[in-house]
Amino acid sequence: MRHKIPLLLLSCFLSVFSLKAQKSVTLSGKLVDTLSVEPLSYATISLQDASSKILIKGQIADDKGDFKFEALDKERFFIKIEHVGYQTKYIEVSLETTDNQLDLGAIQLAPLSQLLETVTIQGQKKNIIATLEKQVFKTEQFETAKGGTAIDVMRNIPSVSVNAEGEIMVRGSKGFLILVNGKPSQLDAATLLGQIPANTIDKIEMITAPSAKYDADGKAGIINIVTKTGNIDGLSVLSNAQLGFPRIQAYENLNEPLRYGLDAVLTFRRKAWFSSFSANYLRNDIAGQRIGDVSTTINNILTRFPSSGERSHRRENYGIRALMNYKINRASEVSSGFYHGSRTQYRRADIFYNNTKTDLSTNILRSSNQYFNPNLVKKQGTFNVFNLDYSHTFDNQSLLQVSGLYESAVIEGWTKNANLNPQNYRDTIQYTLNNGRNPLAAFRFKVDFERKLGIGKWSTGYQYRAQQQDGVFDYQEKQGTGQPFVINPDFTASIEVLNRIHALYTQYAGTYKKVNFSTGLRYENALRTFEDNKSNPPQTLRLSNLFPSANLQIDLGHNYKGKLAYSRRVQRSTNNELNPYPEREHSETLEQGDPNILPEFIGLYELGISKDFKKGNLYWNAYTQQISNIVNRVNSVFNDTILNRIYTNAGKAELWGTEAGMSISPLKKLNIFLGGNLYNLHIKGNLFNNQVEVNTRGWVYSINSNITWQIAKTLDMQFNLAYLSARKTAQGEDSRFYQPSCAVKKSFFNKQLSATLQWQNMSIGKMGVNEQRISTLGSNFFTSTNYIQETNIFLLNLSYNFNQSERKSKLPASEFGEREF
């Protein structure tokens, strides 16, 4: 017996040693939606013994859908995957002949509502996906946007509207934050979106109630643009060429509009290396006219100056982007990117004016004269961006991410405004010349950490950003032919603007039974300083604010999902809105800002429901924005023939609205996409130190829709309509605006090559397409301007696609410079 005990201990020791000597295996994978290929966050993964079905290990996938089991013995397992709103999936895995690591790759989960074929047209993917924080729209459904820019894509998104001046609004607000592949940005929407080719965009994500991990900027939420690039070993190419046909209708413009462009994305992947290079060039002019009527009353003298003439745009931009990504090892990855871009725009407004003055006390005409006003504005920006990112995944699946971004830019331009004798253009009545130059330097740094905790994931991080912008503006004028230019000191200045923000956030997100949730808190310490060379004291604004957020999504059964959301946001002013020194926009307008302007603070509340059904899906949301310090651009009288546009706080506002979107295939080869938004905006406050009371309220609605018909296997036709109703403003009204378009697409060589013929701004007869009247009025002025832009534009696009598949490439984009452009 004494000998058996040592032998037994030795046997146990050898057994344990033998087990320790076996090589353990790491099992990993990524969960995605079958239809959208979207990552599925926070799914539950259970590892069960293949024979006994006993639970061995379990975990929650991260927010990118990734999971990993480590230190597994070489056995056979069942993997059970569960996610709210999706069919439970079982996978049998044998590790007996596997080396140290087995990557299952992308594991697709099907929605409970249907199989693939029930919502597709000849393989077409689901077009709308509703998740915890966002609505996702696949851009392949928008044929009429091909060859254009991201602005053309955005015209198709419910709750997004673009007016005649190119101003983009989301749920009735011009303020929203832009992300490019998840990278935060504060860019001016029209500028950034105008730089991104539509053909490189995979999908648009509308994040209407953002969580605490995002920047707090953007009162209407966030738009995330996800781009395409290759994901296979070797070379992948995506290219597009566009050519515009000559204009159809004459607008009596000085120059003919030109339209052509080229863009390409090349990616190469080999083992641990991934690189991407893209370039684009676009010339996209548009012809047009302007008809206006302005009147002012000063000292009982009514001055009227109706006008008409050319208003056209010459628009040209190019960009080069490069990315290099290296996977150092299984846990660490580093990437760097570079972007260089340029955008140039000329806006020509050659207008004939008829000026009359009438004494209102006697109704006698005092004077009458005519003049020709050639007005040319040039705006140019060059942008350079460099970014460096690093990420590391720890053994316990915690993730650390560090990133930095530096940007330099130069934004410059001029306005040439002349009043000439209409009988002799060499006879100058008055001439003004505005020059402006704005060099800019900006830096962003952030550290993010996340780890699994309980039924979800806890995230925290620190973010820093700083922007320094200098401006030099001079205003020169001369009176009469042969007279020298004289600098106007009241309108000439040099300014310096600094914006600096420190931010901390914490957030917890996860899944419990049929509920997906996230809740978080963000703290921001912000500093803004404004200085000029006029011996004025610096204007300093210091703010410390908390930004809470909460999102809840519930599986209601029968393929219904409900959601509740809240997010506090801030809308900061651009440097243009801060600059108090007027710029002569054109003959009848000066424009200036206010260095004391306050940022807007917004409370976003949202309630929604979504449903997948056999032949499509839909979503509906009700929302409100409670806004303090709302900023408006308002008019006042500068002199008898010039109005002054000023950016100023106008008090408080309430916006209540509802939106809906639906994609349905009533017939096998027919798909209908319908979207709409309806809201009521109420502004109540005072302007100009309580001199003018504001109390406006009005309903606005917009419609975005398209109908796609697959005529044959390689031939499709699409009709699109974007409609924006009339809307009240702080001092007037903007009329309705709409743009119908259609496209026919023919594919060749197994859909690697396609040709698309587009008919944009379709107009037959006097339909009033692509024109909008903007009116404002006050106690002593009235202005109404009808902008008539080119219709019946025909474009031909050729697209080539080689080895294209799904992967997001975080290419750098100008964050600060294009916003100021």
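## Glutamine 553

At 6% relative accessibility, glutamine 553 counts as buried, because the cut-off for that class is under 20% relative accessible area. The model is a predicted one. Glutamine 553 belongs to strand β29, which runs over residues 539–557.

Leaving aside residues up to four places away in sequence, the contacts of glutamine 553 include Ala130, Thr131 and Leu132. Lys514, Val515 and Asn516 are also among the residues it touches, as are Lys561, Gly562 and Lys563.

## The chain as a whole

The secondary structure comes to five helices and 47 strands. The chain has 821 residues, and 56% of them count as buried. Its accessible surface is about 35500 Å², with 57% of that area belonging to carbon and sulfur atoms.

Of the contacts between residues at least 6 apart in sequence, 68% join residues at least 24 apart.

## Glycine 341

Glycine 341 is part of strand β21, residues 332–359. With 0% relative accessibility, glycine 341 counts as buried.

Phenylalanine 383 lies 42 residues from glycine 341 in sequence, yet the two C-alpha atoms are 5.2 Å apart in space. Phe383 is also one of the residues that glycine 341 touches, when residues up to four places away in sequence are not counted.

## Two residues with positive phi

Most residues other than glycine have a negative phi. Glutamine 397, although not a glycine, has a positive phi of about 75°. Its place is in the loop between β22 (364–393) and β23 (399–421). Glutamine 397 counts as buried because its relative accessibility is 17%, and the limit for that class is under 20%.

Asparagine 750 is not a glycine either, and has a positive phi of about 60°. The loop that holds asparagine 750 runs between β43 (737–748) and β44. Is asparagine 750 buried or exposed? At 77% relative accessibility, asparagine 750 counts as exposed.

## Nonpolar surface patch

Phe245, Trp709, Ile711, Met717, Val744, Leu757, Leu796 and Leu798 make a nonpolar surface patch of about 660 Å². Strands β39 (692–712) and β47 (793–802) each supply at least two residues of this patch.

Leucine 757, one of the patch residues, lies in strand β44, which covers residues 753–760. Leucine 757 has 40% relative accessibility and so counts as partly exposed, a class that lies between the 20% limit for buried and the 50% limit for exposed.

## Second largest pocket

The second largest pocket has a volume of about 280 Å³. It is lined by 18 residues, and those closest to its centre are Val692, Gln731, Leu777, Gly778 and Ser779.

Which strands each supply at least two residues of the lining of this pocket? They are β35 (631–639), β39 and β45 (771–778). The largest share of the lining, five residues, comes from β39. Strand β39 also supplies at least two residues of the nonpolar patch.

Definitions and conventions
Residues are numbered from 1 along each chain as its sequence is written. This is a predicted model: local features need pLDDT of at least 70, side-chain atom pairs count only at pLDDT 80 or more; totals for chains, interfaces and linings use all residues. Side-chain values use heavy atoms; hydrogens and water are left out. Patches are made of residues with over 30% relative accessible area and no salt bridge: like charges are joined within 9 Å, nonpolar side chains (Val, Leu, Ile, Met, Phe, Trp, Tyr) within 5 Å. Accessible areas come from the Shrake-Rupley method with a 1.4 Å probe; for residues, only the protein chains shown count as cover. A salt bridge is a side-chain nitrogen of Lys or Arg within 4 Å of a carboxyl oxygen of Asp or Glu. Helices (H or I, at least four residues) and strands (E, at least two) are DSSP runs, numbered from the N terminus. Buried means under 20% relative accessible area, exposed over 50%, partly exposed in between (1.4 Å probe, protein chains only). Contact means heavy atoms within 4.5 Å. On a 1 Å grid over the protein atoms alone, a cavity is a set of points where a 1.4 Å probe fits but cannot get out, and a pocket is an open set with protein on both sides within 12 Å along at least five of seven lines; lining residues have an atom within 4 Å of a point. Grid points are joined across faces, edges and corners, and a volume is the space filled by probe spheres set on the points.
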